Amino acid sequence: MFARLFENVSRRTLVLLGVLLVGMFGAPLVASDYLLTVLILILYFAYIGQAWNIMMGFAGQLSLGHALYVGLGAYTAAALYVHFGIGPWLGLLVAVPVAALAGAFIGFLAFRFKVGGVYFAILTIAVAEFARVGFDHLSWTKGSSGLFLPVAQYTHNDLWLLRGQPVMFYYVLLVATVLAFVFCRALLKSRIGYFWLAIREDETAARSAGIDTFRYKMIAVVISASMTSFAGVIYAFYYNNLFPEQVFHISRSIEIILGPIVGGVGTLFGPIIGAFLLTGMSETLIAALAALGVDLPGAKQVFYGICLLLVIMALPDGVWPWLSRRIGLTEREK
Amino acid sequence: MTFDVYLNVAVGGLLTGLVYGLMALGLSVIFGVVRVVNFAHGEMMTIAMYIAITLFQALHLDPLVMLVPVAAVLFCLGYALQAGIINPFITRPEHSQFLLLVAIAIIIINVLLILFGPDAQSVQTSYSYDSFQVGKLIVDATKLYAAGAALAVAVALYAFFRFTAIGTAIRACADNYTGALVVGLDVKHLYALTFGLGAACVGAAGVMLVLIVDVTPSLGPAYTLLAFVIVITGGLGSMPGALIGGVLIGVTEAMAGLIFTPSAKSMFAFGILVLVLLFRPQGIMGKKAA
């Protein structure tokens, strides 16, 4: 099992991975507070992008509503903490099943009735929007006025209750991202991974080859939803406030999937590179516009949109497939 | 509350729904032919809305007079967009097209934000507060005009597809892409025409909606979603389906706003969508999927 993870991995890839890993683990030692928050954001998107990629990149099911799973995870854990004082790690035991159930619900509806492609994507948006409006009116989580976690000045980091300074969240997310990466690699090398790729490429052919497509698509949704909900829990305890309008909003779902698409759908490095590129680009634009003295609301997003447009026009498969050819890595997860 | 109140609200929802239907019709036409999901649909509508508002403020033109010119502008915009940017993407995977249109949507929203600011704007016409009374039924004049215009545009579009040579050619492209290429149709041009027509529909709908709603740059995504809900409810590729879906959603939202709370009304629209996907995935008027 473990040896298979390293099958067909070139030495160059390993060295690069090692350097990246050491760099990321050492980063908080040198990074300023501001840079650290940017890195946290990058890891957050890299992690969720990886989770989303399981559904889209591996199994070929386009979800445009992943904010649903983030929101369910965040709200479940936060509400348990606020109402019953249950910590986030125990909260995960509830939050993950809740999100997994939501994913299974969507998957069941869609795959039972052969709802695929664009219809599936719209269904995922619809359920997320349904949840957004629903949570707006749910008094247990304080509705649209927002759910707040108690905060204080933290002198030490309490990992068990996730109360502490940004650097703790950085390491939690870093470990999660690394684990997600390894997990996805293992999935791709397993039977399930091959079944998924078969379904992605040609579902009818996969079914005629004897693959239970319903079952494996369900597995993809449930795994992806569960992984995503963990990021939601972290989100809740990092930001300490939750508003349905923000957490479940369609623009959150879009944010989540831009990274892996720009980085390269279906690749393991795509979500990571995409997160670095997009978050980096966004922060650079803010800095550049501030330096130029441009103070127009919307100016940043216009440039952001133009950059997205150029990337997708120039590199339809994403950045990573192109980059990996450029730096001569043999590893090509396709 | 008496029956009259319900009836009045339902009729208001029906009229608004027809305008929604026209907006959705544009999306349906584009998807039905070009097979690209226009994720910038609502955003394109806000462009039309701001053109209408600007012209109204500068020249005091009645929005109903501006209907055709604004639709023409949107047609050109749609044509250029398809011919210049989207055509190379028609053979690419869905997520790639999605990203492209999301990028376009982001640009549109924020350019409008820079140009017009975040504040809501509206149009007050001489007939803004007029109404017609039929028995106990009171109908807003603006909604009635808007719905009438929406129906007229929809009928014109239907006639175009049904009875003109270009309309027939576009339907041929939708039915069989390769076949259309083989018989020598200029598919890319026809696609651009179709996208233009879809944009013109949503443009016309936008001009009429300025009579009914306040306009902000961030209005786009909500209407994009609404158009999706309507099109899928009514049946993708079915022109009457889009209008029927629009009316259904319009009435449902109005009634939900009355019976429950206005802020929860979109929940019912999405609820209907889920039900339709469950029990009739091809939509109310859609043909049975193969």
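In helix 7 of chain A, the residues A:F169, A:V172, A:L173, A:A176 and A:A180 meet A:M227, A:F230, A:I234 and A:Y238 of helix 10 of chain A. Meeting here means being in contact, with C-beta atoms, placed from the backbone, within 7 Å; helices (H or I, at least four residues) and strands (E, at least two) are DSSP runs, numbered from the N terminus. This is a predicted model, where local features need pLDDT of at least 70 and side-chain atom pairs count only at pLDDT 80 or more, while totals for chains, interfaces and linings use all residues. Residues are numbered from 1 along each chain as its sequence is written, and chains are lettered from A in the order in which they are written.

The axes of helix 7 (residues 166–188) and helix 10 (residues 213–239) of chain A come within 11 Å and cross at roughly 175°. That makes the two roughly antiparallel (an angle over 145 degrees). Axes are lines fitted to C-alpha atoms over the stretch in contact, and angles run from 0 to 180 degrees between N-to-C directions.

Over in chain B, strand 1 (residues 131–134) and strand 2 (residues 137–140) pair in the antiparallel sense over four bridges; pairing takes at least two bridges found by DSSP. B:S131 stands opposite B:D140 in strand 2. The two strands form a hairpin with two residues between them, and B:G135 in the turn has a positive phi of about 60°.

As for the chains together, 33 residues of chain B are in contact with 37 residues of chain A. Helix 4 of chain B gives the largest share of chain B's side, 14 residues.

Definitions and conventions. Two residues are in contact if their C-beta atoms, placed from the backbone, lie within 7 Å. Angles under 35 degrees count as roughly parallel, over 145 as roughly antiparallel, 65 to 115 as roughly perpendicular and the rest as oblique.
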